[in-house]
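Dear colleague,

Please read the notes with the model open beside them.

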Amino acid sequence: DLPNVRTVTFAEHEGAFMMGVAAALSCGCQRLGFVGGQEDARTRRYEAGFVAGAQHVVANIPVDVRYVGSESDPLALASPDTARDLALEMYSNGAGAVFTVAGGSDAGVVAAAVATGKWVLAVGPDVRSGLDEDAAARLLTSMVTRVDLAVYQAARDYLDGEFTGGDVV
């Protein structure tokens with residue numbers, strides 16, 4: 001409630017919905033997967049959006065959902081081996097694509113996609129540039145939240161004398 005403080009919240013579920021649409025339209029599969037890092041409210045929003053998007057395209061398509069760790073587990077975002085094992089299980093159970101929202105654990109899901117020749121979807125700025133050629137070939141698409149634009153807009157509003165505090169979604 002301070003006039004000089006702006007809180008920016010991203011609607012993760014909306015971008016994740018589009019990731020579900022992309023996966024369901026592109027992979028031609030009958031099952032998808034979702035690997036989250038920490039099982040917290042924010043990651044649950046990604047999960048809900050992804051499932052809703054996939055099922056918007058293919059009614060009742062099964063989406064296997066697994067988390068690397070609990071909300072209080074600091075290693076959940078830094079356990080690529082665990083994430084790889086979760087994704088390998090999903091791929092072996094028929095998932096044609098897995099959406100990973102697991103921070104540093106994402107690398108394990110990418111490795112599983114490379115090993116199985118299946119698709120992976122990810123979250124983050126310019127994900128493809130950090131991947132080797134084999135991994136980049138397995139990345140179906142990635143979601144970007146554009147924090148840079150939110151910061152730019154706040155600065156621009158301040159410079160233009162139009163800055164307002166409060167919550168922005």
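The accessible surface of the protein chain comes to about 8,900 Å², and 53% of that surface belongs to carbon and sulfur atoms; such areas come from the Shrake-Rupley method with a 1.4 Å probe, and for residues only the protein chains shown count as cover. Please bear in mind that this is a predicted model, in which local features need pLDDT of at least 70 and side-chain atom pairs count only at pLDDT 80 or more, while totals for chains, interfaces and linings use all residues. Residues are numbered from 1 along each chain as its sequence is written, and side-chain values use heavy atoms, with hydrogens and water left out.

On the overall form, the C-alpha trace spans about 55 × 35 × 30 Å along its principal axes. Of the 169 residues, 40% are buried, where buried means under 20% relative accessible area, exposed means over 50% and partly exposed lies in between (1.4 Å probe, protein chains only). Among contacts with a separation of 6 or more, 67% join residues 24 or more positions apart, a contact being heavy atoms within 4.5 Å.

The secondary structure consists of six helices and seven strands, and along the sequence these follow the pattern β-α-β-α-β-α-β-α-β-α-β-α-β. Helices (H or I, at least four residues) and strands (E, at least two) are DSSP runs, numbered from the N terminus.

Helix H1 covers residues 12–26, and its 15 residues reach 21 Å from first C-alpha to last, close to the 21 Å expected at 1.5 Å a residue; the expected span is 1.5 Å times one less than the number of residues. Its buried residues are Glu12, Ala16, Met19, Gly20, Val21, Ala23 and Ala24, and these pack against strand S2 (32–39), helix H2 (41–57), strand S4 (97–101), strand S5 (119–123) and strand S6 (139–143). After H1 comes Gly28, whose phi is positive, near 60°.

Asn60, in the loop between H2 and S3, has a positive phi near 65° and is exposed, with a relative accessible area of 66%. Arg146, in the loop between S6 and helix H6 (147–159), has a positive phi of about 60° and is partly exposed, at 40% relative accessible area.

Val98, in strand S4, is buried at 0% relative accessibility; leaving aside neighbours within four places in sequence, Val98 is in contact with Gly33, Phe34, Val35, Met90, Tyr91, Val109, Trp119, Val120 and Leu121. Tyr158 lies 60 residues from Val98 in sequence and 41 Å away in space, C-alpha to C-alpha. Leu75, by contrast, is exposed, with a relative accessible area of 54%, and belongs to the loop between strand S3 (63–70) and helix H3 (80–92).
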